[in-house]
Amino acid sequence: MNRKRARFRLYAGAALVAGLLLRLWFVAHLARVAGDSLVYGDLAKNWLQSGIYGFGHETTSAGVIVVRPTLIRLPGYPMFLATCFRLFGVENYRAVLHVQVAADLLTCWLASALAGRLFGSRAALVVLWLAALCPFTANYAATPLTETLVLTTIALAFYGFARWQQAGARFNRWLWVTCAALAYSLLLRPEQSLLAVAVVPAMLWAALAVPGRRMDVLRSTAPVWVAALCVLLPLVPWTARNWHTFGVFEPLAPRSASDPGDPQFHGFNRWYRTWAIEFASTDLTYWNYDGNRMEVAKLPARVFALGCLAPSGVAPESLPLYAPTAALFDDYNDQTAASWPIDDRFDQLARRRIRANPICYYAALPIARVLNMMFRPRVELMPISDTWWKFPTPPRQTAFAAAYAALNLAYFLLAFAGLLAWRRRGWAGFGALAGAMAAAVALRLLLLLTLDNSEPRYTLELFPTLLVWAGALFASPSARLATSAGTAAEERAAVDGG
């Protein structure tokens with residue numbers, strides 16, 4: 001058994017080294033610090049230097065910086081950046097990316113360790129290689145965004161859940177590990193509250209499933225109620241600060257990403273939802289509104305039709321909504337800023353399109369956006385055209401994007417085949433954990449149905465779960481019941497490092 005453990009550690013070490021080299025390559029060649037990364041960086045820098053959580057503006061000829069408080073972003077990621085800036089220098093984003101590389105490798109290990117506890121050492125090795133060589137998660141370690149840390153908290157929450165259940169579902173260190181993972185995940189992104197919504201009820205289920213505890217429900221579930229309270233505690237000072245500073249009750253962050261008193265224009269977003277599907281529309285139109293020019297020539301033909309699709313073989317200029325849309329774009333481009341008259345005209349166009357085909361607006365397009373987020377090539381951080389399938393994109397880029405899409409699809413197919421295999425084995429004593437993982441995926445997909453913009457990174461949070469599910473296809477014969485004694489316990493010891 002010592003030889004088996006040594007062999008496992010050798011192969012696992014090789015996987016982690018390969019994963020490290022892949023991530024360092026992304027950092028060296030495809031690092032990206034722009035957009036939201038700079039928003040988070042500005043928050044962290046101002047918080048560190050002035051003690052105010054907000055954005056800095058130069059207001060005098062002497063260069064005096066006045067920091068305006070904000071609540072548009074939760075403090076979890078700026079807190080991480082501020083810590084890195086304190087340790088490695090302000091705005092030292094290269095150091096931040098290297099820390100994220102370490103965090104992403106930790107995610108790989110956690111997914112592997114969880115698969116090992118559920119399905120044995122063979123599954124642990126396969127999952128570790130799948131995770132370490134996953135280019136989609138590795139790529140995001142090379143940009144200062146919340147995704148890498150969110151993936152780590154998801155993997156840690158599920159791993160901690162499994163260890164807590166195996167330790168008797170009582171007060172123990174794994175309860176606090178799970179609690180900390182859920183709490184910090186919630187501080188990173190507001191929709192991560194759905195992770196807690198999925199996990200906490202499953203913990204209650206696991207606590208009540210322990211033999212002999214159902215007669216004393218209060219005592220059996222007390223650890224879970226305490227954990228749930230601790231998950232919410234970090235939001236208390238944030239909520240109190242928002243009430244004191246802005247006079248509003250905001251325990252998370254507003255969906256509109258605007259501060260109290262800022263104008264909120266909803267007409268454009270509503271119009272955009274009547275036709276948008278692919279990420280290219282997000283990049284070329286959605287992100288450009290209220291600040292940059294928007295080109296009507298870059299809109300798909302369906303924008304000008306009164307339905308989901310434009311008739312084939314018909315010129316866009318002959319479609320009923322082309323003229324009002326083109327005129328609206330011309331008027332907007334005169335000032336490249338949102339205004340109430342412009343926004344009202346977008347809203348009028350949206351109403352016409354919704355009345356013409358409500359099923360398209362409320363069902364078909366949201367589903368299409370989610371499918372696009374899940375299965376399009378994840379090349380949004382690469383120097384590849386958003387419209388990679390169209391001429392004049394170089395054929396080599398198109399082929400690479402298609403191969404990337406096929407690889408992404410392979411991860412999903414492995415995951416759902418593994419989920420079915422796990423189900424056939426009766427969840428191997430981890431029905432509560434399986435329920436939490438499935439609920440987290442389902443809740444996230446339901447949330448994505450409500451979004452305006454299609455961004456593939458919003459489905460990146462599925463990958464820690466998908467990787468573990470894939471491991472079920474490679475379960476060791478001795479690990480069909482992860483809670484059994486003997487060889488399965490020894491395999492778990494090898495996976496967890498002894």
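Buried here means under 20% relative accessible area, exposed over 50%, and partly exposed in between, with a 1.4 Å probe and protein chains only. By that rule cysteine 134 is buried, at 0%.

Before I go on, this is a predicted model, where local features need pLDDT of at least 70, side-chain atom pairs count only at pLDDT 80 or more, and totals for chains, interfaces and linings use all residues. Residues are numbered from 1 along each chain as its sequence is written, and side-chain values use heavy atoms, without hydrogens and water.

Now the cysteines. A disulfide is a pair of cysteine sulfur atoms within 2.5 Å, and the count comes to 1. Cysteine 308 is joined to cysteine 360, S to S 1.8 Å. Cysteine 308 lies in the loop between α13 (279–284) and α14, cysteine 360 in helix α16, 52 residues apart. The link is right-handed, with 130° about the S-S bond. Cysteine 308 is partly exposed at 22%, while cysteine 360 is buried at 4%.

Last, helix α15, residues 340–356. Helices are DSSP runs of H or I, at least four residues, numbered from the N terminus. Its buried residues include Ile342, Phe346 and Arg353. The face turned away carries exposed Pro341, Gln348 and Arg355.

Note on methods. Helix = DSSP H or I, 4+ residues; strand = E, 2+ residues; numbered from the N terminus.
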